[in-house]
Amino acid sequence: MTVLATDLAEPNPPSINDVEAYYDAMGPFYKLIWGDSVHGGYWPAGLEHLSLPEAQEHLTNLMIEKTPIAAGQHMLDLGCGTGLPAIRMAAAKHCHVHGITVAHGQVAEAQTTIQAMQMQDQVQIAWGNAMALPFADGFFNAAWAFESIFHMPSRLTVLQEANRVLQTGSYLVLTDIVEVKPLSLEQKHIFYPAFQINTLTTKQGYLDLFDQTGFEQLELIDLTAGIAKTLAHTKLGIEQKRAELEAMYPPPMLAMIEQTWPMVEKIYAEYVRYVLIVARKRG
């Protein structure tokens, strides 16, 4: 039966279990195509020659640069994935990083990496829900949410919890996908499942959220042009490593992956932007 646009409802928002299942299923895909980092790459003007792993490290370095924290202080990583950015932050700033993720498999992989890199005195990764943080008020000196907040059911609740556990004047740095042109229901049914997106907001939406949660926005950087090559690298990686992917996924799932990425590229080109936002907890 053909499904008409009028037959479509809003996509079902993913639950915590859905997000975990997504990373259980897609973790091997990202590992094969992207490498050890479960986030995009950033190619600023003049550095278009970077490999994907180099561009991913460049994006992590930008996050580190934008997150002020002193040696010995404590930072919260909301949605830490497999922990590599947390490890790099701890090594760069000589601070303690506490990461949480809703995926048990990511916790296990992160802990293995932490042990191998002998960073267990500085980096702790555990299962946790960003909407109900298991930390005391004012415990942290900084926080970030690196390509994770769009998974979460309520940005408002996440920001309220981040504000609660941060000390006054501390910085929150995040990356997110914001809508600049409304997506149709058909586009949402492509784009949202591709990244397990709960909802999208806008640049103005963030200003409103910060007003409601006790933050002031200091900087918003549109990184879309420099991030876009991640999608092209992904599509090329799918083509180049199809044999390995055929061994990993059944034909219907592999076909879905192959069909999705070109459509995601088109949506990125016109409807959404990838932004890095720096905010500070008000006194």
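Predicted model: local features only at pLDDT ≥ 70, side-chain atom pairs only at ≥ 80, totals over all residues.
Seven strands form an open sheet: the model has 7 strands in the order S3-S2-S1-S4-S5-S7-S6. Pairing within the sheet is mixed. Strand S3 sits at one edge and strand S6 (215–222) at the other, and each pairs on one side only. From one strand to the next, the twist averages 15°.

## Parallel pairs and a crossover

Strand S2 spans residues 96–101, and strand S3 spans residues 123–127. The two run parallel and are joined by 5 bridges. Within this pair, Gly-99 has Ile-125 of S3 as its bridge partner. Between the two strands the chain passes through helix H4 (residues 104–116).

## Helices H2 and H3

Two packed helices are described by the angle between their axes and the distance between the axes. For helix H2 (residues 52–65) and helix H3 (residues 84–93), the axes come within 10 Å. They cross at roughly 55°. H2 and H3 are therefore oblique to each other. Their crossing is right-handed.

H2 contributes Glu-57, Thr-60 and Ile-64 to the contact. Facing them from H3 are Pro-85, Arg-88, Met-89, Ala-92 and Lys-93. By class, the contact of H2 with H3 has 4 nonpolar residues, 1 polar residue and 3 charged residues.

## Helices H1 and H9

Helix H1 (residues 16–34) packs against helix H9 (residues 229–240). The angle is about 100°, and the axes are 9 Å apart. H1 and H9 are therefore roughly perpendicular to each other.

From H1, the contact residues are Phe-29, Ile-33 and Trp-34. H9 supplies Thr-230, His-233, Thr-234, Gly-237 and Ile-238. This contact of H1 with H9 has 4 nonpolar and 4 polar residues, with no charged residues.

## Helices H6 and H11

Helix H6 covers residues 185–195, and helix H11 covers residues 251–270. Their axes come within 10 Å and cross at roughly 110°. That angle makes H6 roughly perpendicular to H11.

On the H6 side, the contact is made by Gln-187, Ile-190, Phe-191, Ala-194 and Phe-195. On the H11 side, Thr-260, Trp-261, Met-263, Val-264, Ile-267 and Tyr-268 take part. The contact of H6 with H11 has 9 nonpolar and 2 polar residues, and no charged residues.

How values were computed. Residues numbered from 1 in each chain as written. Heavy atoms only, no water. Axes fitted to C-alpha atoms, helices over the stretch in contact; angles between N-to-C directions. Helix = DSSP H or I, 4+ residues; strand = E, 2+ residues; numbered from the N terminus. Parallel < 35°, antiparallel > 145°, perpendicular 65-115°, else oblique. Left-handed = near helix turned anticlockwise from the far one by under 90°. Contact = heavy atoms within 4.5 Å. Nonpolar A, V, L, I, M, F, W, Y, C, P; charged D, E, K, R; others polar. Pairing = 2+ DSSP bridges. Right-handed = clockwise from strand over helix to strand, strands pointing away.
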